[in-house]
Amino acid sequence: MERQDMAPALRRGLGRRGFLQASGGLVIAFSLFAPAAAEAAAAEAAASGSTVPRGILPPPAGKLYAWLAVRPDNSATLFTGKVETGTGVATALAQIAADELDFPVDRLDVVMGTTSETVDQGPSYGSRTIRYAGPQIRHAAAAGRLVLLRLAAKHFSVSVNQLMASNGTITLIGSPGSTVTYGALVAGRRLNYEIGASGTSFGMRVAPDVRTKDPSSYTVVGRSVPRKDIPGKMTGQFTYIQDVRVPGMLHGRVVRPYGVGASLLSVDESGLKEIPGFVQVVRRDNFLGVVAETEWGAIQAAEKLGSTLNPGGPEAGQAKWSAWNGLPVMDRIWETLRQEPGANITAVDHGSVDTAFASAPRMVKATYQTPFQMHGSIGPSCAIADVRSDGATFWSCTQMPHEARRVMAELLGIPVEGIALRWFEGAGAYGRNGFDHVNADAALMSQAVGRPVRVQWMRWDEHGWEPKGPAIVQDLAGALDANGRVTAWRHHMWIPTTGDTHLIAAELIGKPDIVGQTGHGVPAVTYAYTFPNADVACHGEGRVGLLTAWLRSPAQFETTFAMEAFMDELAAAAEQDPLAFRLAHLSDPRAIAVLQAAAETYGWESRPAGAGRNTQAANSRLAKGRGVAWANRDNVRVATILDLTVDRGSGAIKVGRVVVAHDCGLVINPDGLRNQVEGNVIQSLSRTLHEEVTFDTAHVTSRDWVGYPILHFAEIPDSIEVLLVNNRPEYPAYGAGEPSTCPTAAVISNAVFDATGIRLRQTPFRPDRVKAAFS
Amino acid sequence: MPQQVTLNVNGEDRLVEVEPDSMLLYALRDNLGLHGPKFGCGLGECGACTVIMNGFATRSCVMPMAATKGAKIVTLEGLGTIEKPHPVQKAFIEEQAAQCGYCINGMIMTAAAFLAREPHPSREGIIEALNANLCRCGTHMRIVRAVERASHEGA
């Protein structure tokens with residue numbers, strides 16, 4: 001009954017039927033080889049005695065079989081190097097391919113990420129999958145359709161223009177009885193046709209010469225096709241990375257240092273051998289792990305060494321660590337940021353802000369502070385590694401499988417040709433969390449024990465060690481003229497790197513620079529207002545305290561908070577309606593369109609910013625307010641309007657109605673997009689109201705969901721309405737995975753100000769902080 | 001030391017060899033290959049590991065095997081299948097109430113146990129019943145709608 005990844009067995013020559021029986025019905029991704037090729041692969045695997053054939057390279061992007069396989073039963077597979085992270089892109093990419101291929105989307109399955117079977121289309125991050133991989137897949141599918149038409153032309157001995165393709169079948173025009181399915185035409189062969197490709201990653205061009213359809217003729221794109229993965233996920237039949245088992249596998253757990261930079265002094269192994277199933281301790285410099293035959297055995301052994309929710313100190317477990325207290329002081333993190341060496345990066349510099357400030361009749365200044373936050377995946381990081389002397393196989397949920405393959409080659413010192421990575425979906429990650437780091441943990445443990453090792457982080461490993469979104473501090477200043485127009489704007493931000501790609505395990509084994517780089521923070525803003533004088537600059541820091549990485553809309557969630565809350569401060573100072581004030585300082589038609597669409601649906605009534613409190617009794621316990629904010633994230637425009645109540649007694653904020661107007665151009669799957677936007681709103685509401693990573697000078701102290709609470713059901717909005725703006729075939733499809741996160745903290749701050757006259761400039765807006773602001 | 005224990009899961013008696021102080025979740029996932037219940041926190045905080053034990057939604061990650069003697073356990077797999085989904089599963093599919101879906105086992109199992117007890121709850125009642133289950137993708141609106149739908153359609 002145990003589920004195993006049977007792909008290696010498949011490659012050893014087990015047919016699809018035998019494979020399905022052996023795997024208990026679990027379908028694992030596999031390529032279709034011509035029978036001869038399958039036999040050759042099986043023979044190669046058998047000869048080498050390995051669990052998978054060595055050196056399986058990604059297929060060449062210029063071959064049709066790299067993208068498509070058609071089976072005799074007229075079902076098909078789309079292969080893509082992109083991966084699903086819970087956003088629904090597997091279904092959306094299938095829709096794009098099905099449309100161009102004239103093939104039923106429900107008969108088109110999708111194989112993602114596995115490096116030996118897919119083309120490297122770049123990592124799946126930054127809302128870039130639909131935007132960049134969409135056109136690549138569209139062109140590959142169009143090339144596939146042309147190949148099939150040519151096969152049919154040969155079949156019927158006619159020319160291509162006498163044929164019509166529809167729903168996976170090609171018909172001779174004028175002869176309705178003369179039909180042939182794609183499956184019959186391909187007859188089980190690999191689609192070994194040259195379609196052409198150039199460039200790499202996001203910039204790759206596939207089948208550049210093929211003509212694609214006129215967007216106005218799309219029939220599958222634009223439909224709310226139900227997601228392919230959901231029925232399996234709702235019934236326990238879906239295989240997440242955490243569910244994968246491979247033959248001969250052991251279970252590993254990490255034992256992290258007490259202090260982030262502590263050295264391992266000694267390991268007392270007494271009592272470990274008495275744990276049933278215990279195999280061995282893996283120790284390499286400051287990297288420490290345990291391996292056991294059972295998961296429970298590994299957990300028990302790790303606990304003895306000191307892996308617990310609340311470790312008592314560097315010497316409390318049987319692993320003894322040096323006393324290390326090198327983290328900055330949490331409460332002063334923003335002062336620390338300002339003192340970092342960093343590099344100055346100018347985003348906008350026009351006019352003369354200083355001159356305008358000097359003569360301004362009215363100035364407003366404010367500082368905004370935001371804390372470290374975490375991705376907080378509900379499923380902790382998990383991977384399996386099988387490291388041999390000349391190769392390695394990984395089972396991983398990384399968002400960047402092809403990149404991870406190269407990174408693991410460097411870590412292990414094994415040529416990349418010897419590395420295979422089989423990709424399985426993990427729990428939602430929302431950025432680079434621990435999923436790549438756990439690959440390295442599993443690799444080191446497998447290398448040490450000579451067997452496949454499955455490593456799953458404990459909750460405190462995830463909370464404590466996943467790379468965080470960085471703490472940020474921002475100074476804003478604006479000048480208003482006598483008519484209430486902004487004459488000058490200054491926005492200076494101190495942002496640590498969000499692109500630190502070092503591996504935790506590599507740092508622990510004393511080889512921090514074997515892969516990855518630290519990078520530095522960049523000005524994560526898209527400046528759009530038409531102020532005559534503007535100075536927008538970023539002090540880009542390296543790593544400050546905790547390891548960081550990109551977290552949903554990297555740093556732009558924080559910069560939008562500061563910009564759009566400060567716009568509200570200026571509107572309030574000018575005694576103007578905050579929506580009208582924004583519109584008066586914008587010329588971008590798409591920005592104006594989303595603001596107006598949201599306002600119209602919401603029923604926005606004009607009144608000065610902060611005047612909400614004048615409309616209700618000053619002594620009522622519940623204060624009501626409304627707010628507006630917008631953002632431009634990678635060419636997507638999104639405006640959010642919401643209303644809320646603030647409980648003056650408890651300081652609790654409860655959101656009522658939310659309206660989001662979203663312009664990401666052509667929408668592939670409207671219901672999927674709404675799902676994404678609802679998720680962005682709720683997750684960013686959670687980050688706004690609750691989330692702050694806590695740490696002492698040794699380590700992160702918010703190590704579970706009690707220490708790092710997230711939004712509960714009782715706090716969800718009454719409603720979230722999503723308006724799709726400019727959802728038209730003539731617009732490109734931009735990425736929608738992140739943008740609607742951006743406005744939320746600002747819109748809450750603005751609504752709280754409207755309700756109470758109190759301006760919140762530091763997230764999270766926890767009840768104690770809101771209450772303190774009243775007094 | 002590991003002992004042979006009989007677990008009644010999804011209507012069948014199953015023999016597993018586990019340590020008495022180990023948690024039910026690992027017996028289900030590792031010994032029986034039932035992957036509906038998920039490891040989320042191991043602390044009983046998130047609900048991803050929820051099973052229905054003797055009719056009650058129960059966090060299997062903190063339920064010692066020694067305490068499961070004689071209990072009737074239902075996992076997500078025992079509730080229904082893609083072909084024959086339980087009304088709650090069917091409602092979740094119809095509402096497309098998942099993003100990554102990792103937490104959904106807990107949502108469905110908690111809702112199924114709740115609706116069996118209280119077939120016609122208010123929206124507030126549903127929210128209260130699910131309040132201790134965490135979802136990180138922010139699928140809450142759809143999850144509540146799915147449970148409402150299941151209650152209307154007679155879960």
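The model is predicted, so local features need pLDDT of at least 70, side-chain atom pairs count only at pLDDT 80 or more, and totals for chains, interfaces and linings use all residues. Residues are numbered from 1 along each chain as its sequence is written, while chains are lettered from A and ligands numbered from 1 in the order in which they are written.

**Domains of chain A**

- Chain A is divided into domain 1 (54-238), domain 2 (243-321 + 381-456) and domain 3 (340-372 + 468-774). Domain bounds come from an automatic or database domain assignment.
- The centres of domain 1 and domain 2 of chain A, taken over C-alpha atoms, are 37 Å apart.
- In chain A, 19 residues of domain 1 are in contact with 17 residues of domain 2. Two residues are in contact if their C-beta atoms, placed from the backbone, lie within 7 Å.
- The side of domain 1 of chain A that touches domain 2 of chain A has 7 nonpolar, 9 polar and 3 charged residues. Ala, Val, Leu, Ile, Met, Phe, Trp, Tyr, Cys and Pro count as nonpolar; Asp, Glu, Lys and Arg count as charged; the others, Gly among them, count as polar.

**Domains of chain B**

- Helices (H or I, at least four residues) and strands (E, at least two) are DSSP runs, numbered from the N terminus.

**Where chain A meets chain B**

- This contact takes 50 residues from chain A and 51 residues from chain B.
- On the side of chain A that touches chain B, α7 (230-235), α8 (295-305) and α18 (670-689) of chain A are the elements that give two or more residues.
- α18(A) supplies the largest share of that side, 8 residues.
- The side of chain A that touches chain B has 21 nonpolar, 19 polar and 10 charged residues.
- α18(A) has 20 residues and reaches 28 Å from its first C-alpha to its last. That is close to the 28 Å expected at 1.5 Å a residue. The expected span is 1.5 Å times one less than the number of residues in the helix.
- In α18(A), 18 of its 20 residues are buried. A residue is buried if 20 or more other C-beta atoms lie within 10 Å of its own, exposed if 12 or fewer, and partly exposed in between; C-beta atoms are placed from the backbone.

- Strand β17 (residues 392-396) of chain A is mostly covered, with 5 of its 5 residues buried.
- Ala392(A), Phe394(A) and Ser396(A) are buried on one side of β17(A), and Thr393(A) and Trp395(A) on the other.
- Strand β16 (residues 382-387) of chain A runs antiparallel to β17(A), joined by 4 bridges. Two strands pair if DSSP finds at least two bridges between them.
- Ala385(A) has Phe394(A) as its bridge partner in β17(A).
- A hairpin of 4 residues joins β16(A) to β17(A).
- β17(A) pairs in the parallel sense with strand β18 (residues 419-423) of chain A over 5 bridges. Here Thr393(A) stands opposite Ala420(A) in β18(A).
- From β17(A) the chain crosses through helix α11 (residues 401-412) of chain A to β18(A), in a right-handed β-α-β crossover. Right-handed means that, with the strands pointing away from the viewer, the path from the first strand over the helix to the second runs clockwise.

- Glu417(A) is in the loop between α11 and β18 of chain A. Glu417(A) counts as partly exposed because it has 13 C-beta neighbours inside 10 Å.
- Asp102(A) lies in the loop between α4 (89-101) and β3 (108-112) of chain A. Its phi is positive, about 55°, although Asp102(A) is not a glycine. Asp102(A) counts as buried because it has 23 C-beta neighbours inside 10 Å.
- Ser157(A), in the loop between α5 (129-156) and β4 (163-166) of chain A, has a positive phi near 55°. Ser157(A) counts as exposed, with 6 C-beta neighbours inside 10 Å.
- A cis peptide bond joins Thr763(A) and Pro764(A), with omega about -5°.
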